[in-house]
Amino acid sequence: MTNNDSSMVPVDDLTDRVAAVFLAALTSSENAQAVAKALVEAEVDGKKGHGLSRIESYAAQARAGKVDGFAKPCMTRDRPGGLMIDAANGFAYPAVNLAIDALPEAAAVSGIAAAGLFRSHHCGAMGRHVERLAEAGLVAMAFANTPDAMAPWGGTKRLYGTNPIAFAAPQRAAPPVVVDLALSQVARGKILTAAQRDEPIPEGWATDNAGKPTTDAKAALAGTLVPIGGPKGAALAFMVEVLAVTLTGANFAFEATSFFDDKGDPPGVGQLLIAIDPAAFAGRDTFYDRIGLLCGLIDDDPGTRVPGSRRIALREVALRDGVAVAPDVLAKIDALRQA
């Protein structure tokens with residue numbers, strides 16, 4: 001046990017338990033495994049707002065048919081570097097997996113390739129998706145829109161989602177560099193986790209439905225999130241709506257239903273993944289030399305670290321000791337497996 005009495009559960013065991021929840025919630029075995037793996041990986045990497053906290057709402061949506069647990073994503077490729085993937089109103093992870101499997105070959109042919117996903121759902125911790133492409137030697141970016149949570153700068157009506165962006169780049173002799181951030185001051189999933197625990201949130205994260213700053217997590221979920229960097233974050237959120245929606249034909253944030261409940265139609269959001277082959281530009285060796293120099297200078301500066309490096313230590317701990325899971329969370333998982 002840890003100091004807070006959490007149980008240490010082996011990664012594979014936890015993944016199997018979570019997959020069993022989705023098997024019980026009208027989801028195919030293949031999809032259940034894809035979702036469980038993504039949620040547990042997010043939990044391990046410290047992205048708890050995209051981890052185990054999502055299980056109950058995901059399962060409820062699968063049971064209600066808001067997410068089709070048996071959906072099979074379908075890919076079309078009309079041009080060498082352009083892929084379109086219909087997630088078929090299922091969970092996003094099988095569709096993302098399809099994109100990640102196809103993009104390396106497409107990027108090798110075209111130098112740069114992109115996969116647009118539509119009729120999709122919450123895609124979780126996007127840093128892991130681009131990291132997988134970087135592990136294949138590619139520079140990768142990802143953009144995703146989410147249900148409405150933020151207003152344009154100076155406005156009061158929720159029009160944009162938290163609209164996360166992610167970036168990853170390979171290194172010659174080190175794990176990929178990974179950048180993963182939401183365009184709100186904080187990912188909405190962190191507020192959801194705080195609301196589930198009846199914990200306050202820091203001032204400056206959100207306003208309530210009257211537009212007043214709040215530290216009440218539940219009031220924040222009903223209100224508006226504050227964009228990171230003020231007007232700059234709001235402008236970037238607009239950019240993501242264009243990349244993830246207008247290119248793919250998906251739903252805008254203001255058209256999408258909630259990721260957090262089982263009410264209404266499928267969210268139908270979009271994602272765009274871009275993969276770049278360094279060999280098509282200055283060359284792979286030049287790329288590795290230059291990024292190695294940059295990351296080396298970061299590592300040599302006390303108090304700094306290469307983006308995303310914390311995840312490596314967290315994974316090592318999880319593989320050695322297991323994942324810390326609070327007793328009430330573990331009990332909920334086991335109860336949902338029997339539902």
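How are helix 1 and helix 11 oriented to each other, roughly parallel or oblique? In this predicted model, helix 1 and helix 11 (residues 327-337) pack at an angle of about 45°, with their axes 7 Å apart, and the two helices are therefore oblique to each other. Helix 1 passes helix 11 in a left-handed crossing. On the side of helix 1 the contact is made by Leu14, Arg17, Val18, Ala20 and Val21, which meet Leu330, Ile333, Asp334, Leu336 and Arg337 of helix 11. Sorted by class, the residues of this contact of helix 1 with helix 11 comprise seven nonpolar, no polar and three charged.

Helix 1 (residues 11-23) also packs with helix 2 (residues 29-44), here at an angle of about 135° and with the axes 8 Å apart. Helix 1 and helix 2 are therefore oblique to each other, and their crossing is right-handed. The residues that helix 1 brings to this contact are Val11, Leu14, Thr15, Asp16, Val18, Ala19, Phe22 and Leu23, while helix 2 contributes Ser29, Ala32, Gln33, Val35, Ala36, Lys37, Leu39, Val40 and Val44. The contact of helix 1 with helix 2 divides into 12 nonpolar, three polar and two charged residues.

A further pair is formed by helix 4 (residues 92-110) and helix 5, which pack at an angle of about 20° with their axes 10 Å apart; helix 4 and helix 5 are therefore roughly parallel to each other. The crossing of helix 4 with helix 5 is right-handed. Helix 4 takes part through Tyr93, Val96, Asn97, Ile100, Leu103 and Pro104, and helix 5 through His129, Arg132 and Leu133. By class, the contact of helix 4 with helix 5 has six nonpolar, two polar and one charged residues.

The text now turns to salt bridges, for which the count comes to 22.

| Salt bridge | N to O separation |
|---|---|
| Glu41 and Arg128 | 3.7 Å |
| Arg311 and Glu131 | 2.9 Å |
| Asp289 and Arg172 | 3.0 Å |

Glu41 forms a salt bridge with Arg128; Glu41 lies in helix 2 and Arg128 in helix 5 (residues 126-135), so this pair ties together parts that are 87 residues apart in sequence. Glu41, at 24% relative accessibility, counts as partly exposed, whereas Arg128 is buried, with a relative accessible area of 18%.

Arg311 forms a salt bridge with Glu131, and this pair links distant parts of the chain, with Arg311 in helix 10 (residues 310-321) and Glu131 in helix 5, 180 residues apart. Both Arg311 and Glu131 are buried.

The side chains of Asp289 and Arg172 likewise meet in a salt bridge, and the pair again links distant parts of the chain, since Asp289 lies in helix 9 (residues 284-300) and Arg172 in the loop between strand 6 (165-169) and strand 7 (177-181), 117 residues apart. Asp289 is partly exposed, with a relative accessible area of 45%, and Arg172 is partly exposed at 47%.

Which residues are linked in a network of salt bridges? The network is made of Lys37, Glu41, Asp45, Arg128, Glu131, Glu135, Arg311 and Arg315. Among its members, Glu41 and Arg128 form one of the pairs in the table, and Arg311 and Glu131 form another.

Notes: Residues are numbered from 1 along each chain as its sequence is written. This is a predicted model: local features need pLDDT of at least 70, side-chain atom pairs count only at pLDDT 80 or more; totals for chains, interfaces and linings use all residues. Side-chain values use heavy atoms; hydrogens and water are left out. Axes are lines fitted to C-alpha atoms, for helices over the stretch in contact, and angles run from 0 to 180 degrees between N-to-C directions. Helices (H or I, at least four residues) and strands (E, at least two) are DSSP runs, numbered from the N terminus. Angles under 35 degrees count as roughly parallel, over 145 as roughly antiparallel, 65 to 115 as roughly perpendicular and the rest as oblique. A crossing is left-handed if the near helix is turned anticlockwise from the far one by less than a right angle, and right-handed if clockwise. Contact means heavy atoms within 4.5 Å. Ala, Val, Leu, Ile, Met, Phe, Trp, Tyr, Cys and Pro count as nonpolar, Asp, Glu, Lys and Arg as charged, and the others, Gly among them, as polar. A salt bridge is a side-chain nitrogen of Lys or Arg within 4 Å of a carboxyl oxygen of Asp or Glu. Buried means under 20% relative accessible area, exposed over 50%, partly exposed in between (1.4 Å probe, protein chains only).
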